[in-house]
Amino acid sequence: MALPPGYGYANAAGDLSGLVYILMNHHDRAESVSVRYTVGYVTGQTLTPVRPIWLGVHNCQVDPIFTVPGTGGQGSTYSRSTDFRLPVSGRIVAGGGHLHGGGVRLDLTDTTCGTTVSDYRYGAQRVLLHRGQTFRWNFVGTVEHDVTLATGPVGIASPSMKSGSFSVRFTRAGTYDLYCSLHPARMTQTIVVR
Ligand SMILES: [Cu+2]
C-alpha cells in the first residue's frame, strides 16, 4: 500500500509488526517463489497518521471468502457486492484490494461523494445505489463531456459540461448503462439501483 506523501502508520518504538501472505499456484506444477517486501520507516518527521480498515465483500473476517457457483456457462461472470458504513468519519487517502484467480474487477466507491467526470473517464465505472438515492457527477475535464443513458428504466441526459455538477435522484430500481455521447467508445458507466 503506497500512502500519499505526509501520511503514515503510527508506530511506537516497541511495536511489533506482522506480515500475512498467501501464495497461490495456478499451475499444476510446483514452482519456486520468493517473497520480498519493503517497508519505509520514517523518523524525525511528523506524518498524519492513517487508520487502516479492512473490508471484505462477504464479511470482514479473513475466511471464508465466497464461492462462485460456476453454473453460468462459459464466459459468464458472477458478482457480489456489499455496503459498508465505516466506523469512523474521515478522508480516504489510499485504498488497495486484490482478486483471486479468474477475478475480473473489484470496485470500491463512496456513493455519497458522487463521481468525477474527467477527460475521457468516469471516476467510478460501476456504482451501486439504493432506490431514492441521489448521485452526483462532478465535471473536472478540460473538454466537454456528458452523461447519457444507453439503456435503463428512466432516461438520463446531462448537458455537455466541463465544470460544475449534474445530479439525478434514482427512484426506479434497475441497471442504468450510461455513456458520454461525445466520446461513446471511451466513456461508459453502469449504475445499479436496488
Ligand atoms: Cu466525453
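User: In this model, which residue in E10 does Leu 178 stand opposite?
Analyst: Keep in mind that this is a predicted model, where local features need pLDDT of at least 70, side-chain atom pairs count only at pLDDT 80 or more, and totals for chains, interfaces and linings use all residues. Residue numbers start from 1 along each chain as its sequence is written. Strands (DSSP runs of E, at least two residues, numbered from the N terminus, just as helices are runs of H or I, at least four) count as paired if DSSP finds at least two bridges between them. E9 (residues 174–179) and E10 (residues 188–193) pair in the antiparallel sense over six bridges, and in E10 the residue opposite Leu 178 is Gln 189.

User: And what is the bridge partner of Thr 175 in E10?
Analyst: Strands of a sheet pair through backbone hydrogen bonds, either parallel or antiparallel. For E9 and E10 the sense is antiparallel. Look across from Thr 175 into E10 and its bridge partner is Val 192.

User: Which residues touch the most other members of the largest nonpolar core?
Analyst: A nonpolar core is a set of buried Ala, Val, Leu, Ile, Met, Phe, Trp, Tyr and Cys residues joined through C-beta atoms within 7 Å. Buried means 20 or more other C-beta atoms within 10 Å of a residue's own, exposed means 12 or fewer, and partly exposed is in between, with C-beta atoms placed from the backbone. Of the 16 residues in this core, the ones touching the most other members are Leu 178 and Ile 191. The elements giving two or more residues to the core are E6 (134–139), E9 and E10.

User: Which residues is Ile 191 in contact with, leaving aside neighbours within four places in sequence?
Analyst: Contact here means that the C-beta atoms, placed from the backbone, lie within 7 Å. With those sequence neighbours set aside, Ile 191 is in contact with Val 127, Leu 129, Phe 135, Tyr 176 and Leu 178.

User: Where does Tyr 120 lie, and what is its phi near?
Analyst: Tyr 120 lies in the loop between E3 (115–118) and E4 (121–122). It counts as partly exposed because it has 14 C-beta neighbours inside 10 Å. Most residues other than glycine have a negative phi. Tyr 120 has a positive one, near 65°.

User: What is the radius of gyration of the protein chain?
Analyst: The chain has ten strands and zero helices. The radius is taken over C-alpha atoms, and the globule rule is 2.2 Å times the number of residues to the power 0.38. For 194 residues the rule gives 16 Å, and the chain is well over that, so it is more spread out than a compact globule, at 21 Å.

Terms used. Two residues are in contact if their C-beta atoms, placed from the backbone, lie within 7 Å.
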